[in-house]
Amino acid sequence: MHLSRDTMRHVHGWLLLTPAAVLLVSFTHYPTIATVINSFFSKGNSVRPSRFIGIDNYQAMTQDPIFWKVLVNNMWFAVGTIPTSIALAIIMALLVNRAMPGRSFVRMAYFTPTILPMIAVANIWLFFYSPDIGLIDQITSWFGISGHNWLGDPDTVLSAIIVMTVWKEAGFFMIFYLAALQHIPPELGEAAKLEGASRWYYFRRVLFPLLMPTSLFVLINAVLNSFKLVDHLFVLTKGGPDNASNLLLYYIFENAFSYFDTNYAATLTVVLLGLLAIMALAQFFVLDRRIHYR
Amino acid sequence: MTRPAHTTRSYTEILEYIGAWVLALLWIAPLLYAFWAAFHPSEYSTNFDLLAPLTLDNFREALSQAPFLRYGINTFLLVTMLLAAQMVVGTLAAYAFARFQFFGSNVAFGLVLVQLMITPEILIVENYSTLAKLGFVDTITGIGLPYMASAFGIFLLRQAFKSTPKELEDAARLEGCGMFGILMRVYVPLARPTYLAFGLVSISHHWNNFLWPLVITNSVETRPLTVGLGIFGAPESGVDWSIVSAATLLSVAPLLIAFLLFQRQFVQSFMYAGIK
Amino acid sequence: MFKLITKTMAGIVAAVCLSIMAASLSTAAYAKTKLTMYYPVAVGGPLTKIVDGMVADFMKQNPDIEVNAIYAGNYNDARIKALAALNSGQPAQLSVMFSIDLYELIEQDAIVAFDDVVKTDEEKDWLKSFYPTLMQNGTTGGKTWGIPFQRSTIVMYYNKDAFKAAGLDPEKAPASWDELVAAGKKLTKSDGSQWGMMIPSTGYPYWMFGALSMQNDQVLMNSAGNQTNFAEPATIEALQFWKDLGSKHKVMPDGTIEWGTLRKNFLEGKTAIMWHSTGNLTTVKKKAAFDFGVAMLPANKRRGTPTGGGNFYIFKKTTPEERSASMKLIKFMTSPAQSANWSMQTGYMGISQAAYDTSELQEYVKGFPYAAVARDQLEFATAELSTYETGRVRKSLDDAIQAALTGSKTPEEALKEAQATADRLLKPYR
């Protein structure tokens, strides 16, 4: 039997896709569905096996004060990291996008955090934040300001975590803006100058809209990171004091791997998946329309 | 460069240079501190004295307290194995999406892109139990498996393949190339910059990845550098910044040196990966 | 160039596959009893080297047993990793884990009681050879499940030079809460360059709190592990005192104090007194640039400290050969000579009277009397907080302590909430 070229095209297409499809189904689609299913079952152990309990886990979750705290923390973490790191990234890109003394060093410095593992630099940041003996307190003490317990005070701990995250992310995002800026014809800037437009006006009305597609890409990454980046918590705070710096993914980790309650962890994961889905849709429908591509 | 060459430097410009430099120093401060602490005795880890004696003891101490060499080999194996798998899997899938309008390809592509949002980090709990069932817990392959199909890689390569002129494919077919011949002779060579870009992004991501390897590894034989460093520097064991800094430098050194040597390629690769 | 890369990669992949195969072949070669053991480290110093050295000595004496000792991080990591290995088909046969993991391990049906493993009368006597206080966290329901190994109590380290400078007698450490506050006030410098004292409140806050509540004559839980006493008046009073040290007496910084960096604070002279595990003793001794002292914790209604640290457990999924090999290893590691050596190298206490009777440790204590403080304090010690659902119960107390210390809740509110949480978690076990 001879198959038509058309049929062969379908067969070949699927055959080529098979390895990727198997892996993606096993480690992305299946676990997503399994998470949802597991969230309807109770925590089992060798004495009492896991059983179907309907929405009990979700009810327990809504009554779990730590869950709400973690969710609010995560929101502030997102609000604190996303705009700041994007704004800094744009500033950095503009700064190094032209001739200046030591440009390559400056650019390298901005970019370095991207290639350093969070877990490694967290220990160094722990030193910066340490009360009295830490770098920040040593510097403030020159000005006669006494030490502050940055990580031990619930009012400052989340900000401390946010600062470190912004440090980690800004240089990474800068690269994308730098790439975009290099595709913007320099004549635009010269024309604006001839017309007597201020630099701020030029940025706001010309550059920023042109950078919009990049901003969308960076924004997606920043949003994802605000839910994914928890490595530094393992060293800096373990979510403390009293969960003041605990984030959703870290709380999921604690439930699954410290308390062995994979079902409650699944319930929390469903919330995380839901949040990501909402944000994906929002980005798709709202933001995408407002961005004019070149 | 966008700046016309003839302008003299104004005050604002100089201020901006200073701003740029201050920011740069702030950004590199943690690394500078790591160098300071690692090369000085531990009394000086919190006291900055320009006359402090230099020493290599911290490195010796770090190496004797934890098998960083082994961790380094594990990381190296992980990163190379993963990259090889990602490239093979990604190339095949991207080829399918770029050149075979097969049944359901649009839906399938949409399903691939799901992984851009729902990354494996978020599914650690379920993926752990899957790998436990398959017997891959505490293996280097196990660390790599959930990442081997990379939606990002597939996406990048599909873009690259799509922009390859169709005439080249036709010419190759006339010369008698089959499906794989065309892929290997036409598409792959022309997508070289994409491979390089994706490769560097993937290497630096997985060199630094922590949460999933922490969950899935149990022993020295599989632990990558990040996990080794994570438990070595765990604050519970009493922080000694000198030794931790030495260990930190040891674990970032390969990537850092590569970065300093090939800075241009790194930056350009990241840019390239971002524009697509 | 690109071809070269692909070729090299293919080569690497092939090499890896081959070496994995070779490794799996060679291990199957001959029949040694192989043991895998996880162990945690929670204090400073090169403890992994010391454990590795002891294990190597053991293997030299027992060539038929091969031990793979894996350092797994902190106590929590060690438990997670050992249990994870158990579930994933590459189990450990024994492990050093937190003494307070007992109920969790029993509930998971993961461990065997030593009563079911010991055979000879000599082994039965061996079970009784340890300090009874150290056995409290290892026994329940009339059976012994954990054998003490790296055990500690909380002791008070103090800077004698700072005491002298403040006009205090450096040979007389504060022995009561009132003396502690009074000394703290003298030791605290108003410019913030030196605090009177620090009690760590991250990492293991419930442990430090166990000492304070014990000193107020209140234990935190019952021996069946299904009832906690977080909301008792004496417990609340103890937390109030802890908070007052910072907010009222101003002898300690406000907010939480990091467990991990505290030793550095002490060594840098930023605090004159610290409460910490005796497991830090040897490191402090090596690194302190000043004259320091070690004392028992002070008393309020009585003296008190919880014991702490790790016990040996044997897992259930083991063959009889593996169990007897595990017993050999545990007996070796807890033998008087090894225990004495371990104590001298780390600061952890010797776990039996016989360890302190060895000439080496006697000699050492004679030259360095502080090495015996933790042991002497055993007389006043109690078990460490350990219940069913121990992870969550502990976290509820930890959160309550941190909430009170940082001022977001009053000690009473915080502890009542923690008690309510614990009641909810423990109800099924009553």
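Two residues are in contact if their C-beta atoms, placed from the backbone, lie within 7 Å.

This is a predicted model, in which local features need pLDDT of at least 70, side-chain atom pairs count only at pLDDT 80 or more, and totals for chains, interfaces and linings use all residues. Residues are numbered from 1 along each chain as its sequence is written, while chains are lettered from A and ligands numbered from 1 in the order in which they are written.

Next, pick residues 1-5 of chain C, where pLDDT is again under 50 and two contacts reach beyond four places in sequence. Now colour the whole of chain C by confidence: the average pLDDT is 88, and 92% of the residues score at least 70. The model scores ipTM 0.87 and pTM 0.89.

Now show chains A and B together. Here 73 residues of chain B are in contact with 75 residues of chain A.

For a close-up, select helix α1 (residues 5-38) of chain A and helix α5 (residues 124-134) of chain B; helices are DSSP runs of H or I, at least four residues, numbered from the N terminus. Their axes, lines fitted to C-alpha atoms over the stretch in contact, lie 9 Å apart at an angle of about 110 degrees. The two helices are therefore roughly perpendicular, a label for angles of 65 to 115 degrees on a scale from 0 to 180 between N-to-C directions. Finally, show side chains: Phe27(A) and Pro31(A) are among the α1(A) residues that meet Glu126(B), Asn127(B) and Thr130(B) in α5(B).

Key: pLDDT = per-residue confidence, 0-100. Parallel < 35°, antiparallel > 145°, perpendicular 65-115°, else oblique.
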